[in-house]
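Grab a pencil and work through these exercises one at a time. Try each task yourself before you read the solution.

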Amino acid sequence: MIVWLNGTFGAGKTTTAQELLDLLPGSTLYDPELLGSGLRLMLPAKRFEEIDDYQDLPAWRRMVVDTAAALLTEVPGPLVTPMTLLRQEYRDEIFGALAARRIPVRHVLLHAEETILRARIAHRAETSDGPGAQASIRRWSLEHLTPYADALPWLRGDAHVVDTTRLTPRQAAEQVAEAVRTGAGTCDIVQTPEPTAETLAAGVLLFDDQDRVLLVDPTYKAGWEFPGGVVERGEAPAQAGVREVAEELGIELPRALSLLVLDWEAPNPPAFGGLRLLYDGGTLSHDRVSKLQLPGAELRDWRFVTETEAETMLPPVRWNRLRWALRARERGCPLYLEAGAPLG
């Protein structure tokens with residue numbers, strides 16, 4: 001298990017984590033910041049000029065999961081992880097990958113009022129690197145207060161909140177330990193096994209009366225997606241699309257779905273790629289839309305969007321797949337794609 005202590009700079013993550021080690025038997029401190037420092041030493045400096053934070057590195061996010069899994073083969077756990085995580089898509093990617101490894105997460109937000117945060121940042125202990133480095137750290141910490149405030153709505157909904165405004169680190173740790181014992185902060189995420197080879201997946205496009213397409217927001221991976229999923233062994237792809245829509249949205253579709261595109265997604269390590277099919281699920285009436293149901297462990301939101309809006313929400317490979325699926329729907333003729341581009 002991982003006890004993830006989230007919160008911005010000055011919330012008390014590091015000091016609370018140290019105290020928490022005494023309260024959770026067998027616990028070990030796991031600091032993913034060390035992975036960022038290691039990548040800074042190993043990757044070309046030019047790579048870091050392209051990003052604002054090492055969390056923007058896909059390698060860092062993958063290493064966080066892989067290292068946690070490796071550590072838990074050496075220590076009994078839990079791993080106490082004091083790490084600021086403000087981007088929801090990164091939370092989805094990391095926590096979803098941990099769930100796929102069957103590693104449960106207790107997500108705890110250490111929160112304090114902004115005036116307290118600013119005071120704590122201003123009075124940070126001096127480091128051995130000198131006043132110049134300390135000023136840079138303080139400036140960096142203050143710059144994260146606004147992103148933290150922007151992230152608070154989703155953080156409060158996702159994590160168990162411990163207000164450290166008037167708590168000592170020991171008192172905060174005691175509250176976190178009690179929360180862990182009672183199961184508070186449990187991230188109920190669907191456990192989707194990591195693929196070990198190419199996969200066959202079926203997605204379904206559903207439309208409203210304005211011809212907008214339905215997208216869903218998974219809890220276990222970054223970005224928006226089409227309803228659908230991996231085809232199970234011995235299952236027909238169209239049947240898989242029907243099954244996934246029923247499981248994800250509570251909507252029963254006819255078995256006769258029209259194929260729009262078949263897209264070969266090339267392997268892009270660590271992803272294995274495979275065949276991706278998109279079917280036309282038809283138009284949903286207002287009454288059926290009002291009865292949409294989301295499984296909280298798998299999807300957090302749904303939205304009907306225009307083609308233009310979808311371009312800003314989908315990763316490029318999914319956007320291209322959608323774009324050509326809409327053209328195929330207009331023409332009444334399915335298309336074969338490779339890496340999102342039509343062939344033939």
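Helices (H or I, at least four residues) and strands (E, at least two) are DSSP runs, numbered from the N terminus. This is a predicted model, where local features need pLDDT of at least 70 and side-chain atom pairs count only at pLDDT 80 or more, while totals for chains, interfaces and linings use all residues. Residues are numbered from 1 along each chain as its sequence is written, and side-chain values use heavy atoms, with hydrogens and water left out.

**Exercise 1. Find where D56 sits, and work out which residues it touches.**

Step 1: Look in the loop between helix 3 (45-49) and helix 4 (58-71), and you'll find D56 there.

Step 2: Decide on its exposure. Buried means under 20% relative accessible area, exposed means over 50%, and partly exposed is in between (1.4 Å probe, protein chains only). D56 has 18% relative accessibility, so it counts as buried.

Step 3: List its contacts (heavy atoms within 4.5 Å). Setting aside neighbours within four places in sequence, D56 is in contact with I51, R61, R87 and Y90.

Step 4: Check for polar contacts. A polar contact is a pair of N or O atoms within 3.5 Å; within protein, one must be able to donate a hydrogen and the other to accept it, and residues adjacent in sequence count only if both atoms are side-chain atoms. The D56 side chain makes one with the side chain of Y90 at 2.8 Å, and another with the side chain of R87 at 3.3 Å.

**Exercise 2. Describe how domain 1 and domain 2 meet.**

Step 1: Get the bounds, which come from an automatic or database domain assignment. Domain 1 covers 2-182 and domain 2 covers 199-342. Their C-alpha centres lie 34 Å apart.

Step 2: Count the touching residues: 8 from domain 1 are in contact with 8 from domain 2.

Step 3: Look at the buried area, meaning the accessible area (1.4 Å probe) that two parts lose on being put together, summed over both. The two domains bury about 530 Å² between them, with 46% of it on carbon and sulfur atoms. On the domain 1 side, R62, Q88 and D92 supply 59% of the area buried against domain 2, more than any other three residues.

Step 4: Look for a salt bridge (a side-chain nitrogen of Lys or Arg within 4 Å of a carboxyl oxygen of Asp or Glu). There is 1 salt bridge between the domains. D92 and R300 pair up in a salt bridge at 2.8 Å, N to O. Helix 5 (residues 88-100) gives the most to the side of domain 1 that touches domain 2, with 7 residues.

**Exercise 3. How far apart in sequence are the partners in the salt bridges D263 to R321 and D280 to R329?**

Step 1: Take D263 and R321, whose closest N and O atoms are 2.9 Å apart. D263 is in strand 9 (residues 258-265) and R321 in helix 13 (residues 316-331), so this pair ties together parts that are 58 residues apart in sequence. Both D263 and R321 are buried.

Step 2: Now do D280 and R329, at 3.1 Å between the closest N and O atoms. D280 belongs to strand 10 (residues 274-283) and R329 to helix 13, so the pair ties together parts 49 residues apart in sequence. D280 is buried at 18% relative accessible area, whereas R329 is partly exposed at 25%.
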